[in-house]
Amino acid sequence: MTGPVLVAEHIGKRFGGFTALDDVSVSFEAGQLTAIIGPNGAGKSTFFSLLSGAVAPTSGRIRFEGADVAGQPHHRFTRMGIARSYQITSLFPQLTAHENVRLACQAIHASARGGLWRDRAHYPGLAEEADSTLALVGLLARRGRPAASLAHGEQRALEIAVALASRPKLLLLDEPTAGMSPEETKEMMDLIARLASERTVLLVEHKMKMVMGLADRIVVLHQGKLLAAGTPDAIRTDADVRRVYLGEGRSGRG
Amino acid sequence: MTRDIAAARIMPSGADWSATAQRWRVPLLTVALAALPWIVPSQALAVNILIFGLYATGFNLLFGFAGMLSFGHAAFFGAGAYGAGIALARYGVGWFGAIAIGVAVAGVLALLIGALSIRSRGIYFSMVTLALAQLVYYVAFQATDWTGGENGLRGLTVSVIHIGPLALNFLDPVTKYYVILVFVVAALYAISRLLNAPFGAAMEAVRENESRAAAIGYDVKRIKLIAFTLSGLVCGLAGTLDALHLSIVPIDTLFYQTSGLAVMMVLLGGSGTFLGPFVGAAIFLLIEDVFSIWTPHWQLFVGIVFILAVLFLPRGVWGTLAAWHKRRSA
Ligand SMILES: Nc1ncnc2c1ncn2[C@@H]1O[C@H](COP(=O)(O)OP(=O)(O)OP(=O)(O)O)[C@@H](O)[C@H]1O
Ligand SMILES: [Mg+2]
């Protein structure tokens, strides 16, 4: 163990009078795959928004590799090495699959990012990097197609590819299999297992069985609060978790 | 895997054709514009297409590529025109210096208005740009000593242009056209480079999905401000050229109708395309030219054409042609 990559200290988020996330403290060890589970509206996506820098917490701190990063602009989080895929697909619809990914590659290279004069094709490696990322998620044959014209499952795969292209040290995946067919889900889970062998991954996933087999550690959120955190076995037998989550018969969902 | 990638990258011939067209778009447009005075009914119309085509192109940079609909671009066109005009008429600056000053004034103004307006989004952004541009109009209207107020700025006739040992007669319409063309082509070349460069891609990312653009590491505010300023610079250049061409700067240059002109021309031709703004400007000005001889209500005809275009060619005339070709060759 090289110590925690990311530490959330008492973070919370209020939307007006509504508390979506309340005093959550968790730390994530390098190299681990952690699954975040919890019923609908538990605050999982909000938690991801805070950890990825999209939204600043209304309380608490976020430490990434030791530095307090809460409150920094979103693009800084990404450049530091935190990237996220979205529960609701969020792509550049009119641009090709290749360009979607290439844009993410370009953004993390300071020398390429804001170039005003040299042709984008002349920045070495970016196009190749984008293509190999597309190949990784099985979309290379679709590289020239506008993102909007891809099938749902393909868009979900592209969603992951765009996040991966930021070469994150910490990858946050928010329900990557949402709306996927069983075969696509299987492929996606295999891909996630492969991705997790090379970097730290946080995964929000409703399909409990899969998470249990895949994750090193499970974090359970409930009504904006941290309910439990531990190994899959510990979570399976946790009384609180059984009561509010498994007891509700939610394990069969999806 | 490398071989897969290589295989997938071999493009169909249609894509080849559009890649070639893209590479040659500035030379092609240059040839077309060089031939323009001999094609359209009058020299005056040709110069207007040149100047307003550039103005619309500058506006399109912001609207078509970064997705920001400004209703205040008259401010930058006008700032260029007044900047150059005041330098010429009040301070006796040479023609080239006057152009540089006009462009610089427009750039500074764009930086200011941009910094204030990019805090808002969507329709609020549009309204802030409109309000700030009207403020500029009002100031110019009041500052009679500098701008000539509602009578416009006069006394800036440039009759001879010296380039090294060369003395060109700027009163000759043909000479004037080609001098202006040189500036327009230089600007088009720079814009084409910009659009092909990483920054052009980043602008499109902001247009397509602002929050994802930030999520993958782009500083969206910064991109917007740079896009806004560059757009203002181009429109400012168009304004300086208009001042040199007309030898006066009418106060209407700054009026919101001038802002609307850019919106109409770009929508007519096709936003987010390189050639669309010129096509739109040409159609608009051609209708004006032809119908204003017949009837004082020529704007009615422009209005009808505009409505028809928006209804039936939502991508604009050029945008539709380009999309149609892309589909056929895909
Ligand atoms: N921008 C917002 N403004 C107001 N309320 C919000 C906002 N975003 C989320 N919420 C609320 O916060 C709560 C947590 O939402 P969140 O999306 O984080 O849940 P989740 O655990 O991801 O749920 P799901 O499983 O449905 O994806 C919900 O009640 C939601 O309505
Ligand atoms: Mg969610």
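This is a predicted model: local features need pLDDT of at least 70, side-chain atom pairs count only at pLDDT 80 or more; totals for chains, interfaces and linings use all residues.
A:Ser45 belongs to helix H1 (residues 44-51) of chain A, while A:Gln87 sits in the loop between strand E6 (82-85) and helix H3 (97-107) of chain A, so the pair ties together parts that are 42 residues apart in sequence. Both residues are partly exposed: the relative accessible area is 24% for A:Ser45 and 33% for A:Gln87.

A:Ser45 also turns up among the contacts of A:Arg84, a residue of strand E6 of chain A. With a relative accessible area of 9%, A:Arg84 counts as buried, because the limit for that class is under 20%. Its side chain makes a polar contact of 3.1 Å with the side chain of A:Ser49. Leaving aside neighbours within four places in sequence, A:Arg84 touches A:Ser45, A:Phe48, A:Ser49, A:Ser52, A:Ala54, A:Ala163, A:Leu172 and A:Asp174, and its contacts also include B:Arg212 from chain B.

Apart from neighbours within four places in sequence, its contacts include A:Ala8, A:Glu9, A:His10 and A:Ile11, together with A:Phe47, A:Leu221, A:Gly224, A:Lys225 and A:Leu226. A:Ile192 is 168 residues away from A:Val24 in sequence, and the two C-alpha atoms are 25 Å apart in space. A:Asp23 is found in strand E2 (residues 18-29) as well, but is partly exposed at 45% relative accessible area.

The backbone of A:Asp23 also deserves a look, with a positive phi near 50 degrees in a residue other than glycine. Most residues other than glycine have a negative phi. A:Gln223 likewise takes a positive phi near 50 degrees; this residue is placed in the loop between strand E9 (217-222) and strand E10 (225-230) of chain A. A:Gln223 is exposed, with a relative accessible area of 61%.

Strand E1 (residues 4-15) runs antiparallel to strand E4 (residues 59-64), and five bridges join them. Within E4(A), A:Arg61 stands opposite A:Glu9, the latter being one of the residues in contact with A:Val24. E4(A) pairs in turn with strand E5 (residues 67-68), again in the antiparallel sense, over two bridges. Here A:Phe64 has A:Ala67 in E5(A) as its bridge partner. The hairpin of E4(A) and E5(A) has two residues between the strands, and A:Glu65 in this hairpin takes a positive phi near 50 degrees.

Turning to the cavities, the structure holds two of 30 Å³ or more. The largest has a volume of about 40 Å³, and its lining consists of B:Thr57, B:Asn60, B:Leu61, B:Phe65, B:Ile191, B:Leu195, B:Thr273 and B:Phe274. Helix H4 (43-66) and helix H9 (173-196) of chain B are the elements that give two or more residues to this lining. H4(B) gives the most, with four residues.

Conventions. Residues are numbered from 1 along each chain as its sequence is written. Chains are lettered from A and ligands numbered from 1 in the order in which they are written. Side-chain values use heavy atoms; hydrogens and water are left out. Buried means under 20% relative accessible area, exposed over 50%, partly exposed in between (1.4 Å probe, protein chains only). A polar contact is a pair of N or O atoms within 3.5 Å; within protein, one must be able to donate a hydrogen and the other to accept it, and residues adjacent in sequence count only if both atoms are side-chain atoms. Contact means heavy atoms within 4.5 Å. Two strands pair if DSSP finds at least two bridges between them. On a 1 Å grid over the protein atoms alone, a cavity is a set of points where a 1.4 Å probe fits but cannot get out, and a pocket is an open set with protein on both sides within 12 Å along at least five of seven lines; lining residues have an atom within 4 Å of a point. Grid points are joined across faces, edges and corners, and a volume is the space filled by probe spheres set on the points.
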